[in-house]
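Here are my notes on this model, point by point. Please read them with the coordinates open.

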Amino acid sequence: REVFSLYYDDINLNSLFDNVTGVSDREKFRLRWYDKEENISNANFEIKKKKNKLTTKEVIKLNKKIEKKDLEYLFLRKDVFDKYFQNKLINEIFLKKINDLIKPKLFTNYKRDYFKFDNNLRFTFDYSINFKLYNDKFEIWKKDDKSIIEVKCVESKLNNYIKILKDIPLIAKRNSKYVKGMAMYDKTNYF
């Protein structure tokens, strides 16, 4: 499956720098869709929250295809926001975020394969990962030479899987496509 994301951040890149500096209570915002870069339909707006080592994600389904010209103003203009989001909770998020003036910063594109161990343990394998700055006039995608395996499970079942996960001969490492992509454009350092 091909995945497209557009990460949003404020003018000071607080989501980016909170991640880089290891702030344990942080969030990031992205628009995610599947299929083709130019066909932003069936999109989800995701708020990914990190609290210590636990990551959660709120997913809000958008109600119509997004026009490319509206990406810039999704959280800057109420009329554009209302065109795609029709939910009271979302309006509260908008009122909070509009003060932060979040704007699009980075596109990501990659292929993802899904694997399921049982109903509580899932793996995703991301490869052919590419990045592009939102406002890049030259439309230059930069390719990442790494692939990512991510383990996802219900928090209550984590202890059941620790032994299985320890037997997998891979090195666990922090990863953020947003941070990695911004580092490729010299917006931060990536370790």
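1. Strands β6 and β7 (residues 142-143) run antiparallel and are joined by two bridges. Asn130 stands opposite Lys143 in β7. Strands here are DSSP E runs of at least two residues, helices are H or I runs of at least four, and numbering starts from the N terminus. Two strands count as paired if DSSP finds at least two bridges between them.

2. On provenance: this is a predicted model, in which local features need pLDDT of at least 70, side-chain atom pairs count only at pLDDT 80 or more, and totals for chains, interfaces and linings use all residues. Residues are numbered from 1 along each chain as its sequence is written, and side-chain values use heavy atoms, with hydrogens and water left out.

3. β6 also pairs with β8 (residues 148-153). The two run antiparallel, with six bridges. Phe123 stands opposite Val151 in β8.

4. β5 (residues 103-116) pairs with β6 (residues 121-133) over 10 bridges, again in the antiparallel sense. The two strands form a hairpin, with four residues between them. Lys116 stands opposite Arg122 in β6.

5. Is Thr124 buried or exposed? Thr124 belongs to β6. It counts as buried because its relative accessibility is 2%; the cut-offs are under 20% for buried, over 50% for exposed and partly exposed in between (1.4 Å probe, protein chains only). Beyond neighbours within four places in sequence, Thr124 is in contact with Arg112, Asp113, Tyr114, Ile148, Ile149, Glu150 and Lys152. Contact means heavy atoms within 4.5 Å.

6. Thr188 lies in the segment after α5 (177-184). With a relative accessible area of 14%, Thr188 is buried. Residues up to four places away in sequence aside, Thr188 touches Leu16, Phe17, Val20, Val179, Met182 and Ala183. Its C-alpha atom is separated by 24 Å from that of Phe45, 143 residues apart along the chain.

7. The second largest pocket has a volume of about 150 Å³. Its lining is Leu13, Glu72, Lys103, Pro104, Lys105, Leu133, Tyr134, Asn135, Met182 and Lys187. The largest share, three residues, comes from β5. By class, the lining has five nonpolar residues, one polar and four charged. A pocket is an open set of points on a 1 Å grid over the protein atoms alone, where a 1.4 Å probe fits, with protein on both sides within 12 Å along at least five of seven lines; lining residues have an atom within 4 Å of a point.

Notes. Points joined across faces, edges and corners; volume = space filled by probe spheres on them. Nonpolar A, V, L, I, M, F, W, Y, C, P; charged D, E, K, R; others polar.
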